[in-house]
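Here are my notebook entries on some charged pairs. Have the structure open as you read along.

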Amino acid sequence: RSGIRCQVDPFQGGARRSAELLVEGRLQPDLMLGGTSEIHERLAAAEVSIPVDLPEDPGRISRFDSASRRFTPSYLGYLALVYRQLPDFQRPPDWGALIDSRWIDRVSLPSPASTSGGSVFLATQLLRQPDPERGWQYIAILASAGVPWESRSIDVITKIAAGEADLGVSWAQDAWRRRERDRMPIEVIIPTRTGYEVGAVSALRWARDSQAAQEFIRFLTSKEAQQ
């Protein structure tokens, strides 16, 4: 609609790894789209990103805006449990199902070391407990069982759809899209006391067309794009 021509290069190894490459100057696109606002704060602190002015819009959610304007919140993403519809699941699974002895050897999770989904999952388990130590015990059970930690959150969805796992954690929006668009045989539920990320976009200092990059960000926050 805008006439801006774009080429999309998917994250290799997740948003966090991409941010590391950006800070090191080894990756130099015009924009970084996606990943949590905390990751974009790292780009802002390293002055890899540039300020973007947004038009006044009473309909835009601004509570997550950065004071420096060096990154722009673009969506809220919620962690979901993704699973295959099996006879053993008499009711939708909850957080406890991940460490249930009946299924723990068929669980797949995003890695906290390389994915924003994994870091939000880790934080969720610590914060939903009355005592953080119980959260660490929960994580220890998963680790001792040898649950695989995937390098991308979306890989959890792919494994479950392929029958390589039965239950896992990924972003709700990714799972819903794969189920509806790609007809993947998966079920999705957002459990109580789940975690979420504030997804963001940043215009970068080496953008070949800084004005087009900023115009694209303004479009992303418009009512048309948000709907």
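Is Arg-106 buried, partly exposed or exposed? I looked it up: Arg-106 is partly exposed, at 28% relative accessibility. My scale was buried for under 20% relative accessible area, exposed for over 50%, and partly exposed in between, with a 1.4 Å probe and protein chains only.

A note on my source: this is a predicted model, where local features need pLDDT of at least 70, side-chain atom pairs count only at pLDDT 80 or more, and totals for chains, interfaces and linings use all residues. Residues are numbered from 1 along each chain as its sequence is written, and side-chain values use heavy atoms, with hydrogens and water left out.

Entry on Arg-106. I found that its side chain meets Asp-166 in a salt bridge, 3.2 Å from N to O. By salt bridge I mean a side-chain nitrogen of Lys or Arg within 4 Å of a carboxyl oxygen of Asp or Glu. Asp-166 is buried, with a relative accessible area of 8%. I also saw that Arg-84, Arg-106 and Asp-166 are linked in a network of salt bridges.

Entry on Glu-24. I noted a salt bridge between Glu-24 and Arg-26, whose closest N and O atoms are 2.8 Å apart. Glu-24 is partly exposed at 45% relative accessibility, while Arg-26 is exposed at 58%.

Entry on Arg-218. I found a salt bridge to Glu-215, at 3.5 Å from N to O. Arg-218 is partly exposed, with a relative accessible area of 22%, and Glu-215 is partly exposed at 36%.

Last entry: my search of the whole structure found 15 salt bridges.
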